[in-house]
Amino acid sequence: MNFNIDFDNIDITEAEPVQEPERQYYFIAKARKYVKKIEEEIGRSLTFCVTTFGCQMNARDSEKLTGILEQIGYVEEPEEEKADLVIYNTCTVRENANQRVYGRLGQLNRAKKKNPHMMIGLCGCMMQEPEVVEKLKKSYRFIDLVFGTHNIFKFAELLVTRMESERMVIDIWKDTDKIVEDLPSERKYSFKSGVNIMFGCNNFCSYCIVPYVRGRERSRNPRDIIREIEHLVADGVVEVMLLGQNVNSYGKSLDEPMSFAQLLREIEKIEGLERIRFMTSHPKDLSDELIEVMGESKKICKHLHLPVQAGSNRILEKMNRRYTKEHYLELVDKIRKAVPDISLTTDIIVGFPGETEEDFQETLDVVRKVRYDSAFTFIYSKRTGTPAAVMEQQISEEVVKDRFDRLLKEVHTISEEVCGVYTDTIQNVLVESINDHDASLVTGRMSNNLLVHFPGDKTLIGKLVDVKLHTCKGFYYLGEMV
Ligand code: 5AD
Ligand code: SF4
């Protein structure tokens, strides 16, 4: 990204500014000096690798970390064991996410022993759990830098603290109401970008750790969001993904409250922007106004991710989801009336404490009634500190596995049927990349989020083109540009 600050002209002999983002500009300038000095000593560039676990929110945060590192002068190295600075941006939504991080840290420790310049940093949701930080302090002394989700904007400052000392630097905030704008960020794709519209979550679904690790809900000022999107569009972006744990409650905490639907109306007006996506919607907050905007919009993509989590009202209540199966199905009807060809996707948890076979049948019933284009299915994972973790009747592994397999089969059968309906139609597709398996093909995405592979070359990347869909292969199409 073009970032118009001349870091070499910032006077780092003066005291650091108190105000943000100027304070971070100062630390980026300072880190640049340190990096240059090391580069001169060793006769090569210093490299970094940011590895992202988890959701799109984390992916966006990693772009921010990358932007800061590039301004500091680090060069990207795709293989983490060869990099001089490795950052793990972690997830903790399910237990196995934590296990994966611990496993990979062992490997990194071996790589670090071979490279005296190597630094390892950990950030993201997992770091907001006090037990994790205790474990790192005790058993993972080779880690250089640990920070959380609330102070990611301080990355440059923390890196300088580490460069100036020989100790492990740990900085975790419990919560924040702070949103720092105007820091560098490096996009993974030139033509599409995630845009945070809000941070945190106030819903406290009883199984979920997110409200504890991402803090209370806070919305970005609409003017800052619009300004960011306008800059992105000027820089070649045609599609944005508006990001928040619960985008439907956007704007409630603003000094001048504004609804998500109103925000969408404003974003729609941005000239040059072609597509708008958003993630994630909570059924309890999905308003009629939003459905109306989706029906009228020329830019909002025909895809809604609407996590249902479970079909049984008894389980939904224990999950603290605050809607019923009937209410959810009504919403689905309303959306399909307003946007007939919309693609619906969802998240489902199986094996929540106390789930009976009858409850599970209710989940299958929702899947059959809604006929999702696709669904992310999860086995319930016990997260310490959440209300569900201490609920009675945790379900045995064997029973959960059996339900999970049956659910997956149902979801697959339906999505294969649903996805095939566009065969022989012409669809507008945003070309994203050269095909991974066949370099004579490109891969693009339809408005409804389905992938299409068709003959083309790299000059098409970032362009919206019309494609005739010839065959459906379950979750993607093969086609031809028209
Ligand atoms: N166990 C299993 N799945 C979970 N999710 C959130 N918390 C848990 C948990 N403890 C799932 C939900 C959510 C998605 C991002 O992850 O389905 O929508
Ligand atoms: Fe977790 Fe529920 Fe918030 Fe989603 S809405 S992040 S599932 S607490």
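Modeller: One cavity of 30 Å³ or more is counted in this predicted model. The largest cavity has a volume of about 40 Å³. Its lining is made up of Met294, Ser297, Ile300, Cys301, Lys302, Val339 and Ile342, and by class these lining residues are five nonpolar, one polar and one charged.

Around ligand 2 are Cys201, Asn203, Phe204, Cys205, Tyr207, Cys208, Val210, Pro211, His282 and Arg321. That shell divides into seven nonpolar residues, two polar and one charged.

Next, the nonpolar cores. The largest has 70 residues, and the members that touch the most others are Ile229, Leu242, Phe260 and Ile267. Helix α13, residues 397-419, gives the most to this core, with six residues. A second, separate core has 32 residues, including Val35, Tyr74, Ala156 and Val160. In soluble globular proteins, nonpolar side chains tend to be buried together.

Setting aside residues up to four places away in sequence, Leu242 touches Val195, Ile197, Ile229, Val247, Phe260, Leu264, Ile267, Ile276, Arg277, Phe278 and Met279. The peptide bond from Met279 to Thr280 is cis, with omega near 10 degrees, and Thr280 sits in the loop between β11 (275-279) and α9 (288-296). Another cis bond runs from Glu20 to Pro21, with omega near 5 degrees; Pro21 belongs to the segment before α1.

Two members named for the second core, Ala156 and Val160, are also among the buried residues of α5. Helix α5 covers residues 155-163, and seven of its nine residues are buried, so α5 is largely enclosed by the rest of the structure. The buried ones are Phe155, Ala156, Glu157, Leu158, Leu159, Val160 and Arg162. Their cover includes the helices α1 (22-42) and α2 (56-72) as well as the strands β3 (85-90), β4 (119-124), β5 (145-147) and β6 (169-171).

Burial also occurs in loops. Gly354 lies in the loop between β13 (343-350) and α12 (357-370), and it counts as buried because its relative accessible area is 3%, where the cut-off is under 20%. Beyond its neighbours within four places in sequence, Gly354 is in contact with Arg314, Ile315, Lys318, Asp359, Glu392, Gln393 and Ile395. Of these contacts, Glu392 is 38 residues from Gly354 in sequence, with 7.0 Å between the C-alpha atoms.

Two non-glycine residues have positive phi. Gln309, at about 70 degrees, is in the loop between β12 (303-305) and α10 (313-318) and is buried, with a relative accessible area of 7%. Asp182 has phi near 65 degrees; its place is in the loop between β6 and β7 (192-196), and it is partly exposed at 40%.

Last, a strand residue. Ile426 lies in β15, residues 426-434. Apart from residues up to four places away in sequence, Ile426 touches Asp466, Val467, Lys468 and Val482.

Technical notes: Residues numbered from 1 in each chain as written. Chains lettered and ligands numbered in written order. Predicted model: local features only at pLDDT ≥ 70, side-chain atom pairs only at ≥ 80, totals over all residues. Heavy atoms only, no water. 1 Å grid on protein atoms, 1.4 Å probe; cavity = no way out; pocket = protein on both sides within 12 Å on 5 of 7 lines; lining within 4 Å. Points joined across faces, edges and corners; volume = space filled by probe spheres on them. Nonpolar A, V, L, I, M, F, W, Y, C, P; charged D, E, K, R; others polar. Near = heavy atom within 4 Å. Helix = DSSP H or I, 4+ residues; strand = E, 2+ residues; numbered from the N terminus. Contact = heavy atoms within 4.5 Å. Core = buried A, V, L, I, M, F, W, Y, C linked by side-chain atoms within 4.5 Å. Buried < 20%, exposed > 50% of the residue type's maximum accessible area, 1.4 Å probe, protein only.
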